[in-house]
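I opened this entry to keep a record of what I looked up, in the order I looked it up.

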Amino acid sequence: IDLQTTSGTAVLNFDTYTVKDRIHVYYDGAKVFDSGCVGTSGRKELALNGRSSVFKVVIDPKCDPAVTDNTQWTFSLGCANR
């Protein structure tokens, strides 16, 4: 996801509802957020470092192998000031 800016703060909002999923966020080659295997919602602010405007978001659906229910999740990632 290209935020088209290299400074400021990015905001990740996510909801993995009740079936556990895991969300990883990478920025400038490094993992900057890992939700863990959760069935919840949350918000995380991520600082931009002035070098890159691109984030990569990876979802591991149904990260709990004991769960057989269908999963759903949502996320948004954007600039705090936009």
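Entry 1, a pair across two strands. I started at Leu-12 and found that it stands opposite Leu-77 in E6. I then looked at the strands themselves: E1, residues 9-15, pairs with E6 in the antiparallel sense, over six bridges. I note here that the model is predicted.

Entry 2, the sheet around that pair. I traced the strand order as E4-E1-E6, an open sheet of three strands with antiparallel pairing. Strand E4 (41-47) and strand E6 (74-79) are at the edges with a single partner strand each, so one side of each has no neighbour in the sheet. From one strand to the next, the twist averages 15°.

In the protein chain, E6 has the lowest confidence, with a mean of 95, and E2 has the highest, at 98.

I went to strand E2, residues 22-27, where His-24 lies. Is His-24 buried or exposed? Its relative accessibility is 8%, and the cut-off for buried is under 20%, so His-24 counts as buried. I then looked up which residues of the paired strands face it. His-24 stands opposite Val-58 in E5 and opposite Asp-34 in E3. Leaving aside neighbours within four places in sequence, I listed the contacts of His-24 as Lys-31, Phe-33, Asp-34, Lys-56, Val-57, Val-58 and Asp-60. The side chains of His-24 and Asp-60 are also joined by a polar contact of 2.6 Å.

E2 and strand E5 (residues 55-60) run antiparallel and are joined by six bridges. E2 and strand E3 (residues 30-34) also run antiparallel, with four bridges between them. E2 and E3 form a hairpin that has two residues between the strands, and Asp-28 in the turn has a positive phi of about 55°.

How many disulfides does the count come to? The count comes to one disulfide. I found that it joins Cys-37 to Cys-63, with an S to S distance of 2.0 Å. The torsion about the S-S bond is about 100°, so I recorded the disulfide as right-handed. For accessibility, I have Cys-37 as partly exposed at 29% relative accessible area, and Cys-63 as partly exposed at 25%. I also looked up Cys-79, which is buried with a relative accessible area of 12%.

I noted Tyr-17, a residue other than glycine, with a positive phi near 55°. Tyr-17 is in the loop between E1 and E2 and counts as partly exposed at 33% relative accessibility. I noted Lys-62 as well, which is not a glycine and has a positive phi of about 50°. Lys-62 is in the loop between E5 and E6, and at 33% relative accessibility Lys-62 counts as partly exposed.

Methods: Residues are numbered from 1 along each chain as its sequence is written. This is a predicted model: local features need pLDDT of at least 70, side-chain atom pairs count only at pLDDT 80 or more; totals for chains, interfaces and linings use all residues. Side-chain values use heavy atoms; hydrogens and water are left out. Two strands pair if DSSP finds at least two bridges between them. Axes are lines fitted to C-alpha atoms, for helices over the stretch in contact, and angles run from 0 to 180 degrees between N-to-C directions. Buried means under 20% relative accessible area, exposed over 50%, partly exposed in between (1.4 Å probe, protein chains only). A polar contact is a pair of N or O atoms within 3.5 Å; within protein, one must be able to donate a hydrogen and the other to accept it, and residues adjacent in sequence count only if both atoms are side-chain atoms. Contact means heavy atoms within 4.5 Å. pLDDT is the predictor's confidence in each residue, from 0 to 100. A disulfide is a pair of cysteine sulfur atoms within 2.5 Å.
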